[in-house]
Amino acid sequence: MATWDDVVEIAMRYPEVEETTSWQTPSLKVKGRFFARLRTEAEGGLAIVCDPSEKAALLASGDPTFYTTKHYDGYAMILVNLDRIDESRLADLIEDAWLLKAPVKVRKAYEQREGN
């Protein structure tokens, strides 16, 4: 089980991340580029950027941790039930989202620092 505070704590491990708001909800951006937000809609959850093929695989897995709504169909974002996800999987999703949205210079500097 995870919370928004856990999401923020994990995301802050990466350079240039800021906690802000998007659509009047808490969100995360890297250098001004949105990559995650806490949803307040009835279905709740974390909306997070992901590769479209990963989104398809997560949804096809049948794991109730991952879902979508009609609003997110066709978008490279997956919805995550924070009550069901473990911290390790959440950390992977956040890292992937950050890598997808971070500007090239920021991403390369991070990868060099981490030895990737």
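Are helix 3 and helix 4 parallel, perpendicular or oblique to each other? In this predicted model, local features need pLDDT of at least 70 and side-chain atom pairs count only at pLDDT 80 or more, while totals for chains, interfaces and linings use all residues. Residues are numbered from 1 along each chain as its sequence is written, and side-chain values use heavy atoms, with hydrogens and water left out.

Helix 3 (residues 87-101) packs with helix 4 (residues 104-114) at an angle of about 130°, their axes being 8 Å apart. The two helices are therefore oblique to each other, given that angles under 35 degrees count as roughly parallel, over 145 as roughly antiparallel, 65 to 115 as roughly perpendicular and the rest as oblique. Axes are lines fitted to C-alpha atoms, for helices over the stretch in contact, and angles run from 0 to 180 degrees between N-to-C directions; helices (H or I, at least four residues) and strands (E, at least two) are DSSP runs, numbered from the N terminus.

The contact (heavy atoms within 4.5 Å) involves Glu-95, Trp-98 and Leu-99 of helix 3, together with Val-106, Arg-107, Tyr-110 and Glu-111 of helix 4.

## The sheet and its helices

Six strands form an open sheet in the order 1-2-3-4-6-5, with antiparallel pairing, where two strands pair if DSSP finds at least two bridges between them. Strand 1 (17-22) and strand 5 (66-67) stand at the edges with a single partner strand each, so one side of each has no neighbour in the sheet.

Helix 1 (residues 4-11) packs on this sheet, touching strands 1, 2, 3 and 4, and its direction makes about 10° with that of strand 2. Helix 3 lies across strands 1, 2, 3, 4, 5 and 6, running at about 45° to strand 4.
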